[in-house]
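Here is a short briefing on one protein model. Keep the sequence and the 3D view side by side as you read.

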Amino acid sequence: MTSKLQLNEAELLRKPEVLELATDQYKGDPNFMASLARGLVVLQAFRPEFSALTVPQISEITGLHRAVVRRCLYTLSALGFVYSADSRHYHLLPRVLTIGHAYLNASELAREAQNALDYLSKQLNQSCSVATLDGDSILYIARASMSRIMKIVLGRGSRLPAYATSMGMVLLSELSDVELDGYFSRVKLEPLTEYTITDEGKLRDELKKVKRLGYAINDQQLEIGLRSLAVPMYSRKSGVVAAMNVGTHASQVSIQTLRDTCLPMLQRSAMELALLL
């Protein structure tokens, strides 16, 4: 059974921006479908590690009232997106793949990034990923996994808090001052581990350092035992469009090894990919 502690951890991975749009920016807009927004929030409550959820659990994760969650699930069930055998625990059905399938196949960035990661991951013998900044989180659009490092199962479509990840740090460092002020006004910097930077001033200083160096190293800020390195990915048309990283076991790969061995290969791969975008 999913514990309250696990749900609190899952809450960091949910996407509240859609719900906030419905209750803030577009409140009262007759053209904005708040019910559709709530349905999308409910769909995003499901994760690989939380694949079977009850109405109370979804309510806790999303912040939606249980009655609203129940109506959303009823509608999603009628449309073939979710299913419940016992009328209590709900699961996603394969039809949800149609929502993201079109993007993954139509996006040149997603296609080319996956090809590049498959090759890079074999060279480094480590897991590699590409993510974009989506709202206040990073969104994985490509991943090549060599070994299981994190407790959380990551893949295309996975989301993580930007401030506690190497790719998120790279992408946040590219924001304008106004955009960064908005980010900090919305996001609560939760201590995910004892190493997580939760002081806004320190995080801003770190982002300036990342911008100056051109890469970010995350040393167990997201999860104990996980050490990663990320670099920006540029497009000739629109600047930084994503970030690419390599994730390693902290006990096996030192920070110096990341800089000396992984960084040049990661930068070269990102540059080669940029020529195709």
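Start with helix α7, residues 108-124, which has 17 residues. From its first C-alpha to its last, α7 reaches 24 Å, close to the 24 Å expected at 1.5 Å a residue. Keep in mind that this is a predicted model.

**Helix α7 and what follows**

- Several residues of α7 are buried, among them Leu109, Ala110, Ala113 and Gln114.
- The buried list of α7 also includes Ala116, Leu117, Leu120, Ser121 and Leu124.
- Just after α7 comes Asn125, with a positive phi of about 60 degrees.
- Asn125 takes this positive phi although it is not a glycine.
- Asn125 sits in the loop between α7 and β3 (127-134).

**Strand β7 and its partners**

- Strand β6 (residues 216-219) runs antiparallel to β7, and 4 bridges join the two.
- In this pairing, Asn218 stands opposite Ser228 of β7.
- β6 and β7 form a hairpin with 6 residues between the strands.
- Within that hairpin, Gln220 takes a positive phi near 65 degrees.
- Strand β8 (residues 239-249) also pairs with β7, in the antiparallel sense, over 10 bridges.
- Ser235 has Gly239 of β8 as its bridge partner.
- The hairpin of β7 and β8 has 3 residues between the strands.

**Arg227, a residue of β7**

- Find Arg227 in strand β7.
- Is Arg227 buried or exposed? Its relative accessible area is 10%, and buried means under 20%, so Arg227 is buried.
- The side chain of Arg227 reaches the backbone oxygen of Ala250 at 3.1 Å.
- Leaving aside residues up to four places away in sequence, Arg227 touches Asn218, Asp219 and Gln220, among others.
- Its contacts also include Val246, Gly247 and Thr248.
- Further contacts of Arg227 include Ala250, Val253, Ser254, Ile255 and Leu258.

**Ser87, a loop residue**

- Ser87 lies in the loop between β1 (82-83) and β2 (91-92).
- Phi of Ser87 is near 60 degrees, a positive value in a residue other than glycine.
- Ser87 has a relative accessible area of 64%, and exposed means over 50%, so Ser87 is exposed.

Conventions. Residues are numbered from 1 along each chain as its sequence is written. This is a predicted model: local features need pLDDT of at least 70, side-chain atom pairs count only at pLDDT 80 or more; totals for chains, interfaces and linings use all residues. Side-chain values use heavy atoms; hydrogens and water are left out. Two strands pair if DSSP finds at least two bridges between them. The expected span of a helix is 1.5 Å times one less than its number of residues. Buried means under 20% relative accessible area, exposed over 50%, partly exposed in between (1.4 Å probe, protein chains only). A polar contact is a pair of N or O atoms within 3.5 Å; within protein, one must be able to donate a hydrogen and the other to accept it, and residues adjacent in sequence count only if both atoms are side-chain atoms. Contact means heavy atoms within 4.5 Å.
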